[in-house]
Amino acid sequence: MLRTFTPNDLEQVMRLWLDGNLEAHPFIAGEYWEDNAGMVARQLLQAEVYVWEEEGEIRGFAGLQENYLAGIFVKNSCRSKGVGRKLLGHVKATHPFFFLHVYAENERAVAFYRREGLKVVSGQTEEDTGRAEYTMQWNGSAG
């Protein structure tokens with residue numbers, strides 16, 4: 001079930017965020033994610049966040065700051081089962097335009113966003129990590 005994030009969800013969401021980043025980005029030191037967790041937790045409490053919950057467990061979430069999709073995270077055991085697609089579908093339905101950044105080396109995420117109709121509009125180097133990343137966007141008529 002898709003629903004809006006509440007502060008009571010923060011612990012589960014942060015676990016998904018940390019686990020997801022560690023799994024999807026083996027090319028970045030784990031300490032980078034651990035060091036940024038506190039800041040991300042504070043940002044989540046101020047952001048527009050949707051969670052996908054089944055049987056009392058959060059299986060995934062999507063976080064936005066205005067038209068910036070900060071990320072979609074899905075529990076490892078729930079990937080490729082439609083959770084990310086449902087979350088992204090809700091974002092598309094509620095935001096006619098949005099953009100995101102994704103590490104070029106995160107090929108699975110890049111392929112997912114492309115499959116879902118987002119377009120790469122630029123490439124750059126992410127300042128904190130020095131890794132290549134893409135800016136991808138949805139404009140309501142993409143795909």
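Which residues of α1 are buried? The views below take up this question and others in a predicted model.

**View 1. Buried residues of helix α1.** The buried residues of α1 are Leu10, Val13, Met14, Leu16, Trp17, Leu18, Gly20 and Asn21. Their cover includes helix α2. Strands β2 (48-54), β3 (57-65) and β4 (68-74) are also among the elements that cover them.

**View 2. Packing of helix α1 against helix α2.** Helix α1 spans residues 10-24, and helix α2 spans residues 30-46. They pack at an angle of about 145°. Their axes lie 10 Å apart. The crossing of α1 and α2 is right-handed. On the α1 side, Leu10, Val13, Met14, Trp17, Leu18, Asn21 and Leu22 make the contact. On the α2 side, the contact residues are Gly30, Trp33, Glu34, Asn36, Ala37, Val40, Ala41, Leu44 and Leu45. By type, the contact of α1 with α2 holds 12 nonpolar residues, three polar and one charged.

View 3. Asparagine 106 sits in the loop between β5 (98-103) and α4 (107-115). Leaving aside residues up to four places away in sequence, asparagine 106 touches Ala24, His25 and Phe27. With histidine 25, the link is a side-chain to side-chain polar contact of 3.4 Å.

Notes
Residues numbered from 1 in each chain as written. Predicted model: local features only at pLDDT ≥ 70, side-chain atom pairs only at ≥ 80, totals over all residues. Heavy atoms only, no water. Helix = DSSP H or I, 4+ residues; strand = E, 2+ residues; numbered from the N terminus. Polar contact = N/O pair within 3.5 Å; in protein donor to acceptor, adjacent residues only side chain to side chain. Contact = heavy atoms within 4.5 Å. Axes fitted to C-alpha atoms, helices over the stretch in contact; angles between N-to-C directions. Left-handed = near helix turned anticlockwise from the far one by under 90°. Nonpolar A, V, L, I, M, F, W, Y, C, P; charged D, E, K, R; others polar. Buried < 20%, exposed > 50% of the residue type's maximum accessible area, 1.4 Å probe, protein only.
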